[in-house]
Amino acid sequence: MAEITAPAYRVIPIIPALKPGAMEGSGPYVSGEKMNEALGFPGKLVDDWHDKAIAKMGDLLGKYRSLKVYMDSCVHCGACSDKCHYFIGTQDPKNMPVARQDLMRSVYRRYFTLPGKLFPKLVGARDLTREVLDEWHNYYHQCSECRRCSVFCPYGIDTAEVTMAARDILDSVGYGQKYDIEIIGKVHKIGNNLGLPAPALIDTMEGLEEDVKEATGIDVRFPIDIKGAEVLLITPSADFFAEPHIDSLIGYAKVFHATGTSWTLSSMSSEAANFGMFIGNYEQLRKVALRIRQAALELGVKRIVVGECGHAWRVAYSFWNTLSGVGEGADPDDKFAQMLQQQLDHRYRQPTHICEFTWDMIERGALSLDKEANDKHIITFHDSCNVARGSSMGGYPGGQFDIPRNIIKSVANHFHEMDPSTTHEKTFCCGGGGGLLTDDLMDLRVKGALPRMEVLKQVSDEHGVNFMAVICAICKTQFSKVMPIYGFDRRMVGGVHQLVSNAIRLGEK
Amino acid sequence: MSTLFAILFYFVTLVFVVGTFYRIGVYTRTPAPLKIPTTPAPMNTGGVVLRMMREVFLFESLFKANLWTWGLGWLFHVSLALVLLRHLRYFTDPVWPWVAFVQPFGTYAGITMLAGVAGLWARRIFVERIRYISTPSDHLMLALFMAIAISGLTMSFFVHTDVIAVKGFMLGLMHFDLQALPSSIGLYVHLSLVALLMMIFPISKLLHAPGLFFSPGRNQVDNPREKRHIAAWAKRMESEN
């Protein structure tokens with residue numbers, strides 16, 4: 001692969017001119033036979049893919065109101081056309097959200113609407129040809145399902161829903177994406193995305209206990225598989241060994257230690273991420289989520305707390321109650337959900353984000369914090385897309401923006417916001433979300449990071465910002481990989497609980 | 001000619017009503033298996049009603065997206081609404097007082113509607129990104145609205161038609177008592193184009209009007225942790241294992 005360089009910053013962030021075909025051949029690797037079959041998908045592209053794909057599309061149109069309404073409602077107004085980070089970074093017109101949707105909408109019109117059947121050219125309808133299928137594989141893997149376009153759409157059309165449907169169709173004909181399919185396979189087999197088996201996990205946690213003891217002199221535990229613990233921590237497996245993720249894991253453990261909370265990890269269910277969402281497959285999404293239900297039931301925990309991870313928090317907050325019953329408010333005759341909900345302690349929100357947990361403890365004065373410990377950091381906060389636009393915190397709209405910022409301001413003295421057109425609900429994806437965090441898409445990832453890098457450069461120049469806090473494992477990995485290409489130090493990115501970890505004073509309360 | 005238009009209008013009304021209700025029926029029956037409101041979203045029904053009203057009446061999301069598109073789009077839709085309300089005078093006898101009140105605004109709204117359509121069309125032609133995503137039908141739709149507006153305005157301001165007789169014809173249609181339609185080319189054109197618009201409504205992008213009300217991204221309450229939300233087809237999986 002040629003060396004990947006960063007696109008130039010736009011001096012004034014004007015909307016880029018179109019470069020048709022710029023990203024035509026930039027799709028990801030196709031998933032292999034064994035991986036596909038392990039998930040119950042056809043090993044390779046089936047002979048009757050055309051009929052199967054159209055049938056699958058019909059099936060999804062009947063199961064998802066979102067897809068049906070979104071296929072019909074678009075008026076091509078163009079509100080979304082300049083909102084996607086991949087469009088801004090690549091200038092490929094097919095990366096405009098509306099054009100990405102139209103890759104499928106054109107096929108929908110041809111096979112499912114009267115005008116498309118009668119006058120295809122007039123309404124932009126197309127047959128599903130092999131070229132179209134390849135185009136789907138290419139461009140539906142240049143969408144990170146970040147939902148930024150849906151904020152601006154007058155009908156709330158969410159390209160993520162269309163991308164998910166497209167990927168589900170591709171998988172069903174044996175034409176999926178290697179990275180996502182491979183990872184889901186590992187979760188089913190071993191329990192986490194990394195394929196880290198239980199003995200290795202236990203070993204790593206013991207090592208962490210020693211490290212923290214050495215650094216602080218305090219016995220902070222990293223317990224695994226403790227029956228009867230109060231809290232089950234479900235966190236992205238990158239937290240167990242990747243940098244800078246691990247520093248946040250240490251932060252969670254210190255918060256639990258300082259507040260006297262009994263907690264545990266599960267070696268069987270050691271993954272918060274759920275790539276089932278990325279491929280839009282309900283069965284896979286559900287199957288991955290059920291591991292957490294099983295762990296909660298087996299360990300008899302009262303609370304489930306989720307670590308720093310963007311899409312995982314969307315799945316946990318928005319989907320877990322539906323998929324696995326982790327939540328409350330199930331009907332009395334809903335045995336499946338009641339079985340778990342009767343066990344959980346409903347004085348707390350189920351599931352709880354680690355930031356909700358920590359902020360609650362800070363508000364109660366349960367933590368002793370030394371803000372000066374973070375004085376070397378001049379901090380900004382990057383809202384992770386799935387947290388910002390697919391979830392909430394604290395039980396009120398917008399809590400997902402306030403709570404992480406409140407924590408940062410409680411543990412550090414220097415904080416500056418980035419340009420408001422790129423934060424809160426208008427935040428940009430890091431460029432590696434939605435199942436695209438793979439080396440074969442590195443060119444796309446670097447280009448997709450452009451809008452965030454531009455405004456980071458601004459605050460870094462104007463306020464000397466030298467630390468960008470995030471609450472997402474994908475953001476952490478993506479930024480530490482692409483930031484050096486933009487001339488930043490890779491250690492500029494880190495978790496909110498990394499800052500908590502720096503500031504927390506153990507053994508004082 | 002009167003009979004021809006009478007048949008045409010009975011037919012297109014049927015297509016419009018049945019077609020639109022059929023679509024709404026499909027949207028209603030299709031389940032939304034997951035909670036997917038674009039957050040931050042209201043956490044109770046009252047909040048969702050307010051959010052929807054802001055979208056329907058103010059085009060809130062479009063306002064965030066692009067001021068030009070918002071301005072032109074809002075101008076067009078508000079004008080269209082006033083024009084439609086004004087036209088109620090041809091279907092009511094006596095004319096409701098509030099329709100009489102709207103009448104003068106409705107007449108001039110025809111002009112602002114034309115301006116809105118023209119602006120939106122200019123955007124579609126001159127902005128590279130929008131031109132790229134436009135299909136022939138997108139242009140024709142604007143042409144249709146423009147032609148309807150021009151033919152209507154022509155009758156209002158230049159070549160007047162016998163509106164009393166038009167009203168007689170419409171009321172006659174409603175009471176299945178056929179009356180003569182004044183013979184006027186402008187009127188024939190205007191009515192034919194409106195009939196065409198009604199006919200394509202349920203099979204075109206005009207479905208964005210009912211579609212908005214069914215968009216899960218906008219109409220769902222953000223309370224997934226507090227209340228279990230599950231579709232029937234998904235619930236069946238729980239009894240399978």
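This report describes chain B as a whole and then a sheet in chain A.

## About the model

The model is predicted, and here local features need pLDDT of at least 70, side-chain atom pairs count only at pLDDT 80 or more, and totals for chains, interfaces and linings use all residues. Residues are numbered from 1 along each chain as its sequence is written, while chains are lettered from A and ligands numbered from 1 in the order in which they are written.

## Chain B

Chain B has 12 helices and zero strands, where helices (H or I, at least four residues) and strands (E, at least two) are DSSP runs numbered from the N terminus. Its C-alpha trace spans about 70 × 45 × 40 Å along the principal axes. Of the 241 residues in chain B, 32% are buried, a term for residues with 20 or more other C-beta atoms, placed from the backbone, within 10 Å of their own.

UniProt lists residues 62–209 of chain B as "domain: NarG-like" in an unreviewed entry, and such annotations may be inferred rather than shown by experiment. This span is 76% helix and 0% strand, with its end C-alpha atoms 15 Å apart.

## A sheet in chain A

Chain A holds an open sheet of four strands in the order E2-E1-E3-E4, with parallel pairing; two strands pair if DSSP finds at least two bridges between them. The edge strands, E2 (263–264) and E4 (352–353) of chain A, each pair on one side only. Strand E3 (residues 303–306) of chain A pairs with E4(A) over two bridges, and Val306(A) has His353(A) as its bridge partner in E4(A).

Methods:
A residue is buried if 20 or more other C-beta atoms lie within 10 Å of its own, exposed if 12 or fewer, and partly exposed in between; C-beta atoms are placed from the backbone.
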